[in-house]
Amino acid sequence: MTDITRRTALVVSAAAAATPAVAQTQAAAATQWSLRSPGARTEIQARRNADGSLQYRVLLRRRGRSRAVLDWSTLGIVVQVQNTFEMRTPVISDFSTTEFVSLEHGNGEDAYTMVTGKRRENRARYNSLAINIRHTTTQRLLRLDLRAYDDGVAFRYVLPETHLSFHWMTQEKTEFNVGLGATHWGQAYDFYTMYHPSYETFYDALPSGTATPPTAGTAWGFPSLFETNGAFVLLHESGLDASFHGSHLETEAPNGIYRIAPPRQEEAQGFGANFPAAPLPWIMPWRMMIVSDDIADIVESNLVFHLAHPSRVADTSWIRPGVASWNWLSEHESTLDQAKLRVFIDLASEMGWPYTLIDANWNLSGKNAMEHLVAYANTKNVGLLFWYNSGGRHNIVTEQPRNILDDRARRRQEFARLQELGVRGVKVDFWQSDKQDIIKLYSDLMDDAAEFHLMTDFHGSTIPRGWERTWPNLISMEAVRGAEFYTFSGEQNYGPRAPHQNAIHPFLRNVIGPMDYTPTHFSQFAVPRVTTNAHEAALAVIFESGIQHLSDNAAAYRALPADWRTYLSGLATAWDETHLLSGEIGKDIVLARRNGARWWIAGINGEDRQKTARFDVAALANLSSAAPLVLFDEGANGFGSRRTLSRRGGAVTETMAPFGGFVMIFGA
């Protein structure tokens, strides 16, 4: 990883010169600064008003024309620190009233390699601007960092002074002024329950400004995608570490103005504060916006990783993405029976998959269960991942093992044992909060797991926020209403809604990081499945996850035709590049992904009508000229395959059945 940044400090006066990327204007009422990206495709403007308040807006620039995708929006935080030993006189700095101090402008180029994800090699160029201001009463300094990339912009708050006492951020006033007349694709932030919040609600499209439906959840979540003024803007955050909590958006959005919200106090059984605290200096998370008039730029963007902390894992050779067999979805209680678990180890061995996941309550399957299962898996050349409860005091879920990973000494002792046995990773479940204490637990767990060469997969969890760059051993996160809902008889509305949701996720949830949806099952469970077999097969490519946990039982995979087994046996789960070839949010999508010399092209239909997918493959580098293996729907429940392709030059057409799909493998 290289990061080359140039910064120049200056005190701005009326005669201050503008740079090509940074411009400043002054008037009696306000001072305004503009920062453009290296290719001048995006622009973020900030201004300090006459009353000392701060605002920003975001512009998209195309063919010499600018248009606002976020209009002027409030900036600011309220910070408090105790001033005396008796702690009776807190000093409050409300950065809604400020004095200007100075500017620092610069640029940088960041090159880094991802182990998992949609693109392996990344090179990100940006321009930057730091606006240094001072609270008018307390004289506390605040730095507002701005960055502009060609695919989006970001800002963050920094308290740059040094102070040993912990400061509290009691309010963040950040707004996103989308305005009315836009379309909002959003997910409700979960109600607090025994198992939530865990970002497992449905995504819906509603007019901007719509409050969170009271039956859906308590607020709006990240990421949120808007189509406004002929462009798309995806709101999210990155650079989150143990010094802050995870954020989302408030319930109400008056006039299309969305405001940052903290976690709810009742989360994590009420333990821990729902506002963050840290000593100074304090670097807070980036508020980021992916911006384009082409939805492909949203799907393909890695802005969340550009803004994340660089990798803390020097040697990543032991982190190996791949496919895993998984017992729990097809039979919840099978983890209690080692004989049934061995069937899934055998399946992984037969299919050439490197992993099997051993799910909840495996420790109740017999004495020395882990040792016996690892020994058996070793004879089959299959690596094992084991499930753990993250609790701890922060949840009351009784599934085991629990009360191990929340304590650092016990956690490290357990991880040392797993490493000695040759276990490859852990799945850690039931987090139920975005509070700072829980974010710290995520961070500490990933750090310790990396030290003991263990991959991590989080379920019942928060959303990705760029951590896969910082800790490459984080190979997936759930945070989605995934395939497990087919097994809950009380979720009968899940089946009919699944195709539409599947055609939303690549444009929204999967943009920000891996998604452990546990796809590609062909059986029927408690909730009837309306997706076709080819739709299910395509999800293993459409959905990105460093370890793809395929969710059906052994008999279903063994019964597949040879071509379908060939596809699943050779499936890649980490990609050198990803391209959106066609698609419309919630309706259909065709994605192309490359691993090495082989391309996978997959399409799904989210609607109950036959469609012809038309897309161009001419821009795909080194695409094999030989006919690919094509999997498609043959009849109502068939498994079609062929070695022919309807293609004229780069133009390809493929028919998709209602709720159907297809997969093409070039170079197979």
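Does Trp575 count as buried or exposed, and what is the relative accessibility of Trp575? At 3% relative accessibility, Trp575 counts as buried (buried is under 20% relative accessible area, exposed over 50% and partly exposed in between, with a 1.4 Å probe and protein chains only). The model is predicted, so local features need pLDDT of at least 70 and side-chain atom pairs pLDDT 80 or more, while totals for chains, interfaces and linings use all residues. Residues are numbered from 1 along each chain as its sequence is written, and side-chain values use heavy atoms, without hydrogens and water.

**View 1. Trp575 and Trp600 form an edge-to-face aromatic pair.** Their rings lie 5.3 Å apart, centre to centre, with 75° between the planes. Rings of Phe, Tyr and Trp (its six-membered ring) pair if their centres lie within 6.5 Å; planes under 30 degrees apart are stacked, over 60 edge-to-face and the rest tilted. Trp575 lies in the loop between helix H11 (562–569) and strand S30 (577–584) and Trp600 in strand S32 (residues 598–605), so the pair ties together parts that are 25 residues apart in sequence. Helices (H or I, at least four residues) and strands (E, at least two) are DSSP runs, numbered from the N terminus. Trp600 is also buried, at 3% relative accessibility.

**View 2. The charged end of Arg481 sits over the ring of Phe485.** The distance to the ring centre is 4.2 Å. This arrangement requires NZ of Lys or CZ of Arg within 6 Å of the ring centre and within 35 degrees of the ring normal. Phe485 also belongs to an aromatic cluster, with members including Trp326 and Tyr494.
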